Amino acid sequence: YLQNFIGMSLRISPYGDNEWASNWTIFYWAWVIAWSPFVGTFIARVSRGRTIKEYVFGVLFVPPLLACLWIGVFGGAALHMELNATQDNITVALFEMFELMPFTGALSVVAMMLIFIFLVTSADSASYIVAQMTDNGSINPPLYKRVIWGVLIAAICLTLIASGGLTGLQSASVLSALPFTFILYMMVFVLVQELRADRKAMLTQLYRRHGETPVGADAFEAELLGEEERLRRAPSVVNRRINS
């Protein structure tokens, strides 16, 4: 798997034509980017109190592991159905795959519940985050704003589906994601700058509690690294000094 991962990820015609690449692989990044402001902010909101390390682990490691487990269990059957073209209607493909497995009825019911939960939580997170953005970043935006944005988002989706079907919705996602890519790069830069400023402010306050003030940029950075190392080795001693 690791040996062929890069080559197969960049392959644009895995089945001998370009249909797969034009419909899914190339533009899938745009769908992720289009949802990133809603999903990222929403997960950060519900993860309040967690450390950055816990947040990154929960977002970047746990879901891919679950996805690999899902693909490992159901991927072979899905590829078999895709290669044999058993059904052109993708809306029922999942349930046709369940017919190849035991407990077909139970799996279908669980799948319907998961799809419903996914749609509800996605719509709720999107309306919540947009309402938060239009309410000066309030942690708890008013309910009427959430309802208004939920109705507007649903109306936009229904209009795109009615006018161009799923293709129109896909095209709208790609068009909205492309300019947002540059905003994401700026957000990364700002986040790094804010984390550096926060670390310096925190350790500067700790120095002042000890009656010390670092001077000079190079000396300040060296003392920051030394102080961080001392905090890791003897946190209890530092905490006792701060409390005293």
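The following exercises, each with a worked solution, concern a predicted model.

Residues are numbered from 1 along each chain as its sequence is written. Local features need pLDDT of at least 70 and side-chain atom pairs count only at pLDDT 80 or more, while totals for chains, interfaces and linings use all residues, and side-chain values use heavy atoms, with hydrogens and water left out.

**Exercise 1. State the secondary structure content of the chain and the share of buried residues.**

Step 1. Helices are DSSP runs of H or I with at least four residues, strands are runs of E with at least two, and both are numbered from the N terminus. On this basis the chain has ten helices and zero strands.

Step 2. Buried means under 20% relative accessible area, exposed over 50%, and partly exposed in between (1.4 Å probe, protein chains only). Of the 244 residues in the chain, 16% are buried.

**Exercise 2. Determine whether Ser127 is buried or exposed, and identify its surroundings.**

Step 1. Ser127 belongs to helix α7, which spans residues 104-133.

Step 2. Ser127 counts as buried because its relative accessibility is 6%.

Step 3. A polar atom of the Ser127 side chain lies 3.0 Å from the backbone oxygen of Asp124.

Step 4. A contact requires heavy atoms within 4.5 Å. Leaving aside residues up to four places away in sequence, Ser127 touches Arg146, Trp149, Gly150 and Ile153.

**Exercise 3. Classify Ala93 by accessibility and give its C-alpha distance to Ala78.**

Step 1. Ala93 is located in helix α6, residues 93-98.

Step 2. Ala93 counts as partly exposed because its relative accessibility is 27%.

Step 3. The C-alpha atoms of Ala93 and Ala78 are 8.5 Å apart, and the two residues are 15 apart in sequence.

**Exercise 4. Describe the volume and lining of the second largest pocket.**

Step 1. On a 1 Å grid over the protein atoms alone, a pocket is an open set of points where a 1.4 Å probe fits, with protein on both sides within 12 Å along at least five of seven lines; lining residues have an atom within 4 Å of a point.

Step 2. The second largest pocket holds about 220 Å³ of space.

Step 3. Its lining consists of Ile52, Leu195, Arg196, Asp198, Arg199 and Met202. Helix α8 (residues 143-209) gives the most to this lining, with five residues.

Step 4. By class, the lining has three nonpolar, three charged and no polar residues.

How values were computed. Polar contact = N/O pair within 3.5 Å; in protein donor to acceptor, adjacent residues only side chain to side chain. Points joined across faces, edges and corners; volume = space filled by probe spheres on them. Nonpolar A, V, L, I, M, F, W, Y, C, P; charged D, E, K, R; others polar.
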